[in-house]
Amino acid sequence: MSALRIDVLTLFPKMFESPFAESIVARARAAGQVELVVHDIREWATDRHRVVDDAPYGGGAGMVLKPEPLTRAIRATRGETGHVALMSAQGALFDHAAARRLAAVPHLVIVCGHYEGIDERVIEKDVDEELSIGDFVLTGGELAAMVVIDAVTRLVPGVIEGESLEHESHTEGLLEGPQYTRPVEHEGRRVPAVLLSGDHAAITRWRRGEAIRRTAERRPELLDRASLTPAERARLPRQPARPRASDADLAAAYRSGVGSYRIAARFGVSPATVRTRLRALGVRLRPPRGAQRGPSVAEVTRMRATGLTVRELAKHFGVSHVTILDRLKRAKKDGAAR
Ligand SMILES: C[S@@+](CC[C@H](N)C(=O)[O-])C[C@H]1O[C@@H](n2cnc3c(N)ncnc32)[C@H](O)[C@@H]1O
């Protein structure tokens, strides 16, 4: 059995043929490490013309994917274990942590929207998370799904040599430093001398320093979460203070129906901070999404075994870190009782 099965639901299955017939994803498929199955959502339309879209209620431009065929498609492909991710310009930003998290699930179902998007009721009932590949709007979810599949596949154990992944950009919350190959001199520019020195400890130190310097220059916001030693952190250049989200912004976002996890991601604070500040503002809190269901002890234990942190698990299951800690505690107790 492959380590990861991916089912893609799309209106344009042919788009997936060529990108995944090449390179690493093709090799992972051939080696049986990843199983990729692309389905046409129209297979689940029941009328003669296989209609899958309709005009939006309330009027307005474009069409919306109808709930019935898509619901049938998701339920037929997800089975018992499938984790359903909808590609959406409104989703949480897909990043390295999300790729790592998804590489650890056994079965992923990726839904590609099109036209104006999909009926909200499908999202509420049958979608586990929405993922965006950036703050822009694509014509459809297919290209976004391909990005996700590529990034996730290379993190499936065994697909790429562990060493190649170790110091890559984003792996440790840092960008990778510069890379050089032969010749030693190109148009008057020489390769840094340390890389030619043969002194591996010095090369490792230099690469680490360059990664930190480059991240500080290009993506300083990544440094908040990067794994740095206290000494490395102390040497960082000073960052200008990030503007704090106003109370009015937080309350307005929450009252408009956005959940505390999404608000937290948007304003760069923790979900617990959002809820504490909302409470202090007298805003009535809704029960967190998924609170009634929550992940089982077994689900959390299985995902934890892949090395995900409590914070990553909380994000994956859409619950608070307290819920995750509770499941881990219960798993420990169950283990002790046996
Ligand atoms: C034209 S877009 C719909 C945009 C939608 N009306 C909105 O304003 O959010 C059609 C489909 O493309 C996909 N899509 C668009 N932008 C995306 C992005 N940045 N990341 C992931 N998927 C995206 C989604 O599946 C979406 O349903």
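Colleague: Over how many bridges do strand 5 and strand 6 pair?
Modeller: Strand 5 covers residues 83–93 and strand 6 covers residues 107–112. A strand is a DSSP run of E, at least two residues, numbered from the N terminus. Two strands pair if DSSP finds at least two bridges between them. Here the pairing is parallel, and the count is 5 bridges.

Colleague: What pLDDT do local features need in this predicted model?
Modeller: Residues are numbered from 1 along each chain as its sequence is written. The model is predicted, so side-chain atom pairs count only at pLDDT 80 or more, totals for chains, interfaces and linings use all residues, and local features need a pLDDT of at least 70.

Colleague: Which residue of strand 6 stands opposite Ala85?
Modeller: Look at the parallel pairing of strand 5 with strand 6. Ala85 faces a residue in strand 6, and that residue is Ile110.

Colleague: Is Leu108 buried or exposed?
Modeller: Leu108 sits in strand 6. A residue is buried with 20 or more other C-beta atoms within 10 Å of its own, exposed with 12 or fewer, and partly exposed in between; C-beta atoms are placed from the backbone. Leu108 has 24 others within 10 Å, so Leu108 is buried.

Colleague: How far apart in space are Leu108 and His83?
Modeller: Leu108 touches Leu4, Ile6, His83, Ala85 and Leu102, leaving out residues up to four places away in sequence. Contact means C-beta atoms within 7 Å. Leu108 and His83 are 25 residues apart in sequence, yet their C-alpha to C-alpha distance is 4.9 Å.

Colleague: Which strands stand at the edges of the sheet?
Modeller: The open sheet has 5 parallel strands in the order 2-1-6-5-7. An edge strand has a single partner strand, so one side is left without a neighbour in the sheet. That describes strand 2 (34–40) and strand 7 (129–132).

Colleague: How are helix 13 and helix 14 set against each other?
Modeller: Helices are DSSP runs of H or I, at least four residues. Helix 13 (310–317) and helix 14 (321–337) pack at about 110°, with axes 8 Å apart. Angles run from 0 to 180 degrees between N-to-C directions, and axes are lines fitted to C-alpha atoms over the stretch in contact. Under 35 degrees is roughly parallel, over 145 roughly antiparallel, 65 to 115 roughly perpendicular and the rest oblique, so these two are roughly perpendicular.

Colleague: Which residues of helix 14 make this contact?
Modeller: Helix 13 brings Val310, Arg311, Leu313 and Ala314. From helix 14 come His321, Ile324 and Leu325.

Note on methods: Contact = placed C-beta atoms within 7 Å.
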